Amino acid sequence: MGLEEAKKLEEHYLMHTFARKDVMLVEGSGMEVKDDTGKTYLDFIGGIGADSLGHCHPAVSSAIAAQAESLIHVGNYYYIENRGETAKLISDLMNQCVPRFFRAPWKTFFCNSGAEANECAIKLARLYGKKVGLTGNTIITLDRSFHGRTLATLAATAQPAKQEAFQPLPDGFVHVPINDLGALQRAFLENPGSVCAVMVEPIQGEAGVYPCDEEYIFEAVKLARRNSALFICDEVQTGVYRCGENPFCFQNLGITPDIVTLAKGIASGFPMGACVVREELSDTFGPGDHGSTFGGSNLAMAAAYTTLLTLSKGHYGESVQEMGDYFTEKLATLPEITEVRGMGLMIGADLEESLHAPSVVDAGLEAGFLLNATGPSTLRFLPPLICTEKEINKLIAALPGIFEQSRILKEQADAAAAQKAEEEAKQLEETQERIAQDYDEETAKEFSKALLDSMNKSNE
Ligand SMILES: Cc1ncc(COP(=O)(O)O)c(C=O)c1O
């Protein structure tokens, strides 16, 4: 099946939750993916930060294939291979670079996605709050954060535009600006004795790669502890060597959270999430308080164990750090880029005003690069952690041409949008005239309003 047929089927039978690019990807190896026509692309978004070992890493592919041949799923009533091993490995990795005082077994709940890992963290924090006698269950999160699309994680996600249509959302979330310790202090004062957790992304990914300042996050952890609140690091995007040097970003920042949530890169593209807590919290949930049919299932465990083992034994932290520095330096030399932010291989780059990031993504696709924009003027790079200077050099060399082509694409897109708007306005005028002729004034008004609403909706 080719692109056109796949597109037709998806448009007809799938909910329209993603604006997909006109390309059908069918194969991948390392940093490269191939479309159905055989064209290859260098992947600088890596399944939105999930393909940590690149596409079809032989160790991960063969672990999944072998597991698929022996046992795919039995459910959480039974012990299985790789689950305990994976949890132990996660605990060992968590204990790297944390003060001796905190070094104890970390305990994990396995699930299937980042949102689920955060749901687990939210539930656990609220139960903890009840158990220690807090008067409420407020969770403080940061403006422009992103914690997922389920109702509770959407309530935690401080982006009104994303929340509005789905009100009422679960209660009990308070949002404060990033890197503003005073605002965090005020939030505690305004909710005395009722804050059970502070939840932050060490680097806000979906917002455009905005890091928490080291001093801010350090003080925020202290403030949470002083107020008997838990500190949750949402490391769904930043975790598993994404930020270089250490396995998790919190370790680069010199803090020790109480709860760490993981997903994306943890199983190199296999769907999987994890909520990891310090030992003291591990008895907060009792049997029946939380669960998942597929969480921690055989295939995910095989993929995660192999991914984590390969990453931890392969000195990836150092190479991610080195490549991240190199990439950042090279991006900063381009005159069209006004700012570069991030850590390791999680990088955001702001573009000069005359460029439009989504058009740069389209031009990149034409030139054979998978890129990503988090907004009208920001590109985000989350390449697989196996990325080398060779691939970075290829992209850097291609970017000036991609920027030029993006201007042409933007002009074409603007012209097409203007023409569409003109045609729609004409069509609307004709329809309104017909309605006015056929119906009385009141009914005609109602029909016209309904027509306008539906046109506006289909243009969103
Ligand atoms: C920081 C963060 N938390 C949570 C999520 C939600 O993860 P998922 O899409 O796997 O539910 C994301 C996804 O982008 C994320 O970046």
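**Notes on the helix pair, the ligand shell and the overall fold**

1. Let me start with a helix pair: α3 and α11 run roughly antiparallel to each other, since angles over 145 degrees count as roughly antiparallel and the axes of these two cross at roughly 155 degrees. Please keep in mind throughout that this is a predicted model.

2. On the geometry of that pair, helix α3 spans residues 58-70 and helix α11 spans residues 298-313, and their axes come within 9 Å. The crossing of α3 and α11 is right-handed.

3. For those who like to see the side chains, α3 brings Ala59, Val60, Ala63, Ile64, Gln67 and Ala68 to the contact, while α11 brings Asn298, Leu299, Ala302, Ala303, Thr306, Thr307 and Thr310. Sorted by class, this contact of α3 with α11 holds eight nonpolar and five polar residues, with no charged ones.

4. Now to the ligand. It is surrounded by 14 residues, and the closest are Ser113, Gly114, Ala115, Val236 and Gln237. Helix α5 (residues 114-131) supplies the largest share of the shell, three residues. The shell around the ligand has seven polar, four nonpolar and three charged residues.

5. Finally, the chain as a whole. It has 15 helices and 17 strands. The radius of gyration of the chain is 24 Å, close to the 23 Å given by the globule rule for 460 residues, so the chain is as compact as a globular protein of that length. Along the principal axes, its C-alpha atoms fill a box of roughly 75 × 55 × 50 Å.

Terms used
Residues numbered from 1 in each chain as written. Predicted model: local features only at pLDDT ≥ 70, side-chain atom pairs only at ≥ 80, totals over all residues. Near = placed C-beta within 6 Å. Helix = DSSP H or I, 4+ residues; strand = E, 2+ residues; numbered from the N terminus. Nonpolar A, V, L, I, M, F, W, Y, C, P; charged D, E, K, R; others polar. Axes fitted to C-alpha atoms, helices over the stretch in contact; angles between N-to-C directions. Parallel < 35°, antiparallel > 145°, perpendicular 65-115°, else oblique. Left-handed = near helix turned anticlockwise from the far one by under 90°. Contact = placed C-beta atoms within 7 Å. Rg over C-alpha atoms; globule rule 2.2 N^0.38 Å.
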